[in-house]
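Please open the structure in a viewer and keep the selection tool at hand.

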Amino acid sequence: MPNLEAEQLAALERFSVHIGQQPNTFLSAADILCEAGSGKLFEMVQRLSDAPTNTVATSVYMRRHGFFIAAQLHLMSEHNLLWAGDLEDVSLFIENDTILFSVPSTGFRVVQNREKDIRFILETYGHPVVDYLSKRAKIAKLILWENVWGYVLWMYSMLLQENSSFAQPDLDILLADETWKPAMRRSPFKQYLNNQRALDAMANYKRVTCCLYKELPNTEKCPYCPQK
């Protein structure tokens, strides 16, 4: 098991992922996949953001969960490492009225097969959460996955500009329909790109779906909202 260097720890924290048990932990990510746990999540998000409904609270939360998935993909593409723990090992905690994540210091390993490891990230930390919350809060999966995509696109755009060796190959895997099966018929990330290159899509960022942030009190439509 590799020991994380200071640069790698800092990169994880940049994406709101911390190592080791944290104060103010209130749920594990696995707890979200049940009625009681998701109810506790909705209550917390509504308290922090004044989200008026469970639907809006779910969209707000998935913007945070997108950080966790982007952190995993960044660790792969920039450092050739993967944290391969279970969803129940991912803890949610509160700091400065914001939901952050923590994972144990164990479970990190060198990437072994890029396609299989990216599928592992989607199938372990992505699909179960999106599928459950989509049904529980009656919100489209495409909205929730686009909340993740915004941070994934931003992250890959940075790495592509830095000529990172693995950025484009890893992004290509995420854009392949086969990577998302059987959970989804095609890659939602490819849909959001709309036939653009990643750097062009980032430079002219426009969402395909509305993230519902406009439903929060005293909040206007985002500049990249498709309804604007």
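Select helix H6, residues 167-175 (helices are DSSP runs of H or I with at least four residues, numbered from the N terminus). Its buried residues are Ala167, Asp170, Leu171, Ile173, Leu174 and Leu175, where buried means under 20% relative accessible area with a 1.4 Å probe, protein chains only. The cover over these residues includes H3, H4, helix H5 (141-161), helix H7 (177-180), helix H8 (188-193) and helix H9 (198-203), judged by contact, that is, heavy atoms within 4.5 Å.

The model is predicted: local features need pLDDT of at least 70 and side-chain atom pairs pLDDT 80 or more, whereas totals for chains, interfaces and linings use all residues. Residues are numbered from 1 along each chain as its sequence is written, and side-chain values use heavy atoms, without hydrogens and water.

Next, select Asp117 in helix H4 (residues 114-137). Is this residue buried or exposed? Asp117 counts as buried because its relative accessibility is 5%. Beyond residues up to four places away in sequence, Asp117 touches Met76, Leu82, Arg109, Val111 and Gln112. Display the side chain of Asp117: it makes a polar contact with the side chain of Arg109 at 2.8 Å and reaches the backbone nitrogen of Gln112 at 3.0 Å. A polar contact is a pair of N or O atoms within 3.5 Å; within protein, one must be able to donate a hydrogen and the other to accept it, and residues adjacent in sequence count only if both atoms are side-chain atoms.

Finally, select Trp145. Leaving aside neighbours within four places in sequence, its contacts include Ile69, Leu122, Trp180 and Phe189.

Technical notes. Helices (H or I, at least four residues) and strands (E, at least two) are DSSP runs, numbered from the N terminus. Buried means under 20% relative accessible area, exposed over 50%, partly exposed in between (1.4 Å probe, protein chains only).
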